[in-house]
Amino acid sequence: MQKKKIIIGNWKMNPESGKLAETLYKNIIKSKFSSKLDVVICPPFVYLEKLKKILKKIPLGVQNISHKDKGAFTGEVSGNMVYDLGARYVILGHSERRAMGEEDEVINQKIKIALASGLNPILCVGEKNRDDNHDYFNVIKNQIEKDFNGVNKNSISNAIVAYEPVWAIGKDAVREATPEEFREVAVFIKKILSDKFGANTVKNIRIIYGGSVNTKNAQDFVVAGEADGFLVGRDSLDAKKFIKIIEITEKVN
Ligand code: PGA
């Protein structure tokens, strides 16, 4: 069976008010998504409840959860809390959080908490820069092995892995990755996962691309790159562009 592709919008710390979040969401859901694709919106926590009330059928995700399930952790929000509000996905290990000091040990705890709470973790991995020694393979292998350490084989198929080379993310990106670069890393990721969890268990895990995804490069990533979908930052804040990326992916499905 072919894996369903997935398009995830990572709104990051945007937009600036509940009203704007509502407008953006309403503009996105104007499009009639086919059931051939999964579309997930990951807004800031505080907008979850509001957006869930507008339309239940688009799954929502969050961009972080606590590494603990409850207790004296000031400022933290637990996996169970966001599940209760309707979230079903969580982005973990994003490079912007790694840059704030989040380490693999904590990401690993968060992945376990996510799975125990019924959330599908979207694990982001990727190197900061590329060098001629191909050291990025080691960086990615290390991240995957540490972040999925001790994760139950039975629950791993609920995870999604996003290859997001740090140099390709955001407005300061050096450049976007090429579909070939993505495909090479995706094959590598599948091999690591297969060695760890068995080929049969991982065949349904989606490996998606993130980093300056736009309406111009989406098709190539799906066709030549064989991406199982996208994690979209900037262009998920523009309803028209986001819908276009969804439509492009749908067509080549
Ligand atoms: P970008 O962000 O699409 O704006 O490069 C992607 C991400 O950080 O997930």
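Tutor: Start with Ser212: one of its polar backbone atoms sits 2.8 Å from an oxygen atom of the ligand, a polar contact in the sense of a pair of N or O atoms within 3.5 Å. Gly233 also uses its backbone, with an N or O atom 2.9 Å from a ligand oxygen. Arg234 brings in its side chain, where an N or O atom is 2.7 Å from an oxygen atom of the ligand. On its own the ligand has 280 Å² of accessible area, and the protein covers 99% of that (Shrake-Rupley method, 1.4 Å probe).

Bear in mind that this is a predicted model, where local features need pLDDT of at least 70 and side-chain atom pairs 80 or more, while totals for chains, interfaces and linings use all residues. Numbering runs from 1 along each chain as its sequence is written, and side-chain values use heavy atoms, with hydrogens and water left out.

Around the ligand, counting residues with a heavy atom within 4 Å, you'll find Asn10, Lys12, His94, Glu164, Ile169, Gly170, Gly211, Ser212, Leu231, Gly233 and Arg234. That shell splits into two nonpolar, six polar and three charged residues, with Asp, Glu, Lys and Arg as charged, Ala, Val, Leu, Ile, Met, Phe, Trp, Tyr, Cys and Pro as nonpolar, and the others, Gly among them, as polar.

Now the backbone. Most residues other than glycine have a negative phi, and most peptide bonds are trans. Lys12, from the ligand shell, has a positive phi near 55° and belongs to the loop between β1 and α1 (DSSP runs: helices H or I, at least four residues; strands E, at least two; numbered from the N terminus). Pro15 is in the loop between β1 (5-10) and α1 (18-28) too, and the Asn14 to Pro15 peptide bond is cis, with omega near -15°. His134, also not a glycine, has a positive phi of about 55°; look for it in the loop between β5 (120-125) and α6.

As for packing, the axes of α6 (136-147) and α7 (179-197) come within 11 Å and cross at roughly 40° (lines fitted to C-alpha atoms over the stretch in contact, with angles from 0 to 180 degrees between N-to-C directions).

Notes: Polar contact = N/O pair within 3.5 Å; in protein donor to acceptor, adjacent residues only side chain to side chain.
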